[in-house]
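Today I'm opening a structure that is new to me. I want to look up its charged side-chain pairs.

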Amino acid sequence: MSAVSIRPGPKDLAAPPVQACGPDGGDRAARAWAALQAVPDPEIPVVSIQDLGILREVTMAGDGTLEVVITPTYSGCPAMAEIAEDIGRALDAAGLAPWRIRTTLAPAWTTDWITAEGRAKLRQYGIAPPGRCGEGEGGARTAGAKRMQFVPHAARAAAALDLVACPRCGSLHTEQLARFASTACKALYRCRDCREPFDYFKPY
């Protein structure tokens, strides 16, 4: 049996292409991908690990073992152990053993990997989704990605670099209250129009 791989497409992470494979290989890999789409993120359960781009690839090896490739949102993320356990339970429940999980750190995860559906779910949940870090979609960082810069807060505000839409009313009349919110990857904002506080998923 030749290897088969399913991974996010360049524009639509929810509909990965199936590569050429041996008998039944593509079906098992596709079933595994479908089963894993329902695995929630432990910290934000309204979105799945596929929505966040943590789930990178499902590979069917020549020995019949499924290999699931995941990338943490940052190295040392404590939720990865729970995510691996949830992946294993989902695959076992779907009758897709044997399987193995491989964690890869390169390329590093970016908020650009969050799908359009995932961003909509975050917004409906009351979390402002992150802006784009690069000019591409759905894959590795592009040549047009912004470099990290450290500039005075006043200069950033003057340049209007921190425009964040309120997830409740859509207003851009918002202000940052704290650099960190419920988790380190989010900042605390408040809408000056509807007066509601909300978390903003910081882009990186």
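My notes on the salt bridges follow.

I'm working with a predicted model, where local features need pLDDT of at least 70, side-chain atom pairs count only at pLDDT 80 or more, and totals for chains, interfaces and linings use all residues. Residues are numbered from 1 along each chain as its sequence is written, and side-chain values use heavy atoms, with hydrogens and water left out.

Entry one. How many salt bridges does a search of the whole structure find? I got seven, taking a salt bridge as a side-chain nitrogen of Lys or Arg within 4 Å of a carboxyl oxygen of Asp or Glu.

Entry two. I looked up Lys121 and found its side chain in a salt bridge with Asp51, at 2.8 Å from N to O. This one joins distant parts of the chain, 70 residues apart: Lys121 sits in helix H3 (residues 116-125), and Asp51 in the loop between helix H1 (25-36) and strand E2 (55-60). Helices (H or I, at least four residues) and strands (E, at least two) are DSSP runs, numbered from the N terminus. Is Asp51 buried or exposed? Asp51 is buried, at 1% relative accessible area, while Lys121 is partly exposed at 24%. For the cut-offs, buried is under 20% relative accessible area, exposed over 50%, and partly exposed in between (1.4 Å probe, protein chains only). I also noted a network of salt bridges linking Asp51, Glu117 and Lys121.

Entry three. Asp86 pairs with Arg89 in a salt bridge, with the closest N and O atoms 2.3 Å apart. Both are in helix H2 (residues 80-93), three residues apart, so about one helical turn separates them.
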